[in-house]
Amino acid sequence: MMLRSLAAVAAVLVGIAFVSASTGLVATTVGIRLGLDRVPSYLVSIVLTGYPLGFLIGCLFGRQAIGAVGPVRAFAAFGGLATACALGLALVDSPYVWAVLRAGTGFCAAGLYTVTESWLNARSTMATRGAVLASYMITDKLSYAGGQALVASADPTAPTLFMVAGVLLALCLVPVSLSRAEAPRVSATSRYGLRRLMAVSPVGVVATIACGAANSAVSMAGPTFASSIGLDTGEIAVFMTLLFIGGLTLQWPIGWASDHFDRRTVLFGALVATTLAAVAMALVGKSAEALYVLGFMYGGAAFVIYPLAVGHANDFIEPDQVVGVSAGLLMCWAIGSVVGPPLASQLMGAMGPAGLFLFVAVVYALAASFTAYRMRVRAAPPTSRQGPFVPMPTTPSVATLNPRSASAMPQPGDIRDGP
């Protein structure tokens, strides 16, 4: 049954793999170009804000577009527009235009991920949901890292890499368009507001905002940092790829620890480890080998913070609240992702490239301090009552795939069998 379920979503997984690869390639190429062209920090802020702002808008309003025309047509429209945005980067050098194009890409990416995750949810059963979610996350992270590795294949100052990104986005339309599987039903998702989220889990709110601010800053400005300290294109590609490989590799061992010990303690440890790795990267200077090791360690700790925070919040609620709480925490992450990159770029302008990781260190140190304070004023649930750790990417509808949610139960109209 599991193989049948994975076969039923193979087309959409291949499609989203092209999307993730293109997204990783463009993010790294834009960051390198901003560093090589010595773009002023205020313009860097504008460009880096584009993608996360567009993604946030897509999370808020993308479902309306999908509901208006249907998921397959919406997927095609989002893919086509994202392709145009990627190719537009190759045609125009204006940072202001780049900011608009990056915002368009972010909006389209949110829509593409929403359709994909709704499709995966509709084709999953209780028995296969965990395997489908794991396959999706592995596909997404490896493809994103692979896209970053492609940066070393061409001169980043030439339009070639943006053209390759456009080709990858165009290819995402092929497997989905040719799939014979019935399109999913994309339903509205309720979200908890900030006040309700704070009542459920203050640590979850603070940690997800910090994660959005810091990790988005590294994802967007990391190539600019590496370019500014003198790393060549190949070294930048390896550095950024190892960040995300570390995040994927250490999800499961850290997740296992969070299932067997107080999850909040494991979250605190990840926050401290990320802070220390960020400080080390700010101080290490131009040493590619040291940055490779530290980048892997940073990614391993930093990219597990979001699922740990969501899992901790879910330990205090009922299954029918999981989707709403998770969706609310994703919005907290998205708001942090809009704020973090411009603040980090301004600090880089004032302090030099090391300002990026000093910003990250301060953000995570504050989150760790707040977590330590909350550990003293609120008891954690017994480990026997904790749900299993669920690796979760920061995408719009992934909460519906969470095996801990009530939405994991079959719903009327859902598609549960293969094509």
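1. Asp93 is exposed, with a relative accessible area of 59%; here buried means under 20%, exposed over 50% and partly exposed in between (1.4 Å probe, protein chains only). The model is predicted: local features need pLDDT of at least 70, side-chain atom pairs count only at pLDDT 80 or more, and totals for chains, interfaces and linings use all residues. Residues are numbered from 1 along each chain as its sequence is written, and side-chain values use heavy atoms, with hydrogens and water left out.

2. Asp93 and Arg33 form a salt bridge (3.2 Å, N to O), a term for a side-chain nitrogen of Lys or Arg within 4 Å of a carboxyl oxygen of Asp or Glu. Asp93 lies in the loop between helix H4 (71-91) and helix H5 (95-122) and Arg33 in helix H2 (residues 10-36), so the pair ties together parts 60 residues apart in sequence. Helices (H or I, at least four residues) are DSSP runs numbered from the N terminus.

3. Arg33 is buried at 7% relative accessible area. Arg33 also forms a salt bridge with Asp37, with the closest N and O atoms 3.5 Å apart; Asp37 is partly exposed at 42%.

4. The structure holds three salt bridges. Another of them joins Asp315 and Arg263 (2.8 Å, N to O). Asp315 lies in the loop between helix H15 (305-314) and helix H16 (322-351) and Arg263 in helix H13 (residues 263-284), so this pair links parts 52 residues apart in sequence. Asp315 is buried at 7% relative accessibility, and Arg263 is buried at 0%.

Note on methods. Helices (H or I, at least four residues) and strands (E, at least two) are DSSP runs, numbered from the N terminus.
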